[in-house]
Amino acid sequence: MPAPAIRIIQGTDAPYPAATVSVVIDVIRAFTVAQIAFLRGVREIYLVNTVEEAHAFRKLHPDYLLAGEVDGLPIAGFDLDNSPQRFSTADIHGKTLIQKTSNGVKGTLLALAADNVLVTGFSNARNTAQYARALTAGKSGATINIVATHPSDDDDLACAEYIRDIVLVENKVSASDIARRILAARSAVKFYGPGKPAALDARDPEHCARETPCNFVMQVDKSVSPPRVLGHTLA
């Protein structure tokens, strides 16, 4: 059976090429947060590019919760920020979120030309990679874009290489090595290094650098506007 052609793309400068599957990665922290949100009972997560769009959509749906960050920091007027630690204790069961983040959400909205769009952090990368492999199995000319949305840091790129390794069943990359790369990335160090902003929780990188068992992947529903992420239960 032919393996899918895989492209690893880094950054969010332009729309990504069409593909059978696009896997969009934001390890620190958007899609680590999204997995935690689904584990805690969130129903769906709508993705928007700007703070203004988030507020406008919330006016139409006052019971939805606003979540996200700008430059990594909480957004005034939002109900939740982008902290995995804080999400792990938030009362969000049965809620719908509107999410705006600097890299992950932006990258996902650039990936909609793909037939299937999945989002993940490292925490759910294995499930996501295996599902992407299943979506392309037996398809001639199948392609997978693996998008590391951070334009320059190593956390998303490390996760992208891990996903490629799993899809291709190469067994060259270990989860422990990826976890070390994530914790050494500049995006992680700013959470516990000198001059750390008070709003950043130093416990967040540990959430982002560990695999969290679950029975779902996070798949984008492109049939609605704005697009939404749903938890797709695995067989």
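Trainee: Buried means under 20% relative accessible area, exposed over 50% and partly exposed in between, with a 1.4 Å probe and protein chains only. Is tyrosine 162 buried or exposed by that?

Mentor: Tyrosine 162 is buried, at 1% relative accessibility, and phenylalanine 122 is buried too, with a relative accessible area of 1%. Keep in mind that this is a predicted model, where local features need pLDDT of at least 70, side-chain atom pairs count only at pLDDT 80 or more, and totals for chains, interfaces and linings use all residues. Residues are numbered from 1 along each chain as its sequence is written, and side-chain values use heavy atoms, leaving out hydrogens and water.

Trainee: How many aromatic pairs are there?

Mentor: There are five, counting Phe, Tyr and Trp (six-membered) rings with centres within 6.5 Å, where planes under 30 degrees apart are stacked, over 60 edge-to-face and the rest tilted. Phenylalanine 122 and tyrosine 162 are tilted, because their planes stand at 55 degrees, with ring centres 5.3 Å apart.

Trainee: Where do phenylalanine 122 and tyrosine 162 sit in the chain?

Mentor: Phenylalanine 122 is in the loop between strand 6 (116-120) and helix 5 (125-136), while tyrosine 162 lies 40 residues away in helix 6 (residues 154-167); helices (H or I, at least four residues) and strands (E, at least two) are DSSP runs numbered from the N terminus.

Trainee: Changing topic, which residues of helix 5 and helix 6 meet?

Mentor: With contact meaning heavy atoms within 4.5 Å, Ala125, Arg126, Ala129, Gln130 and Arg133 in helix 5 meet Cys159, Tyr162, Ile163, Ile166 and Val167 in helix 6.
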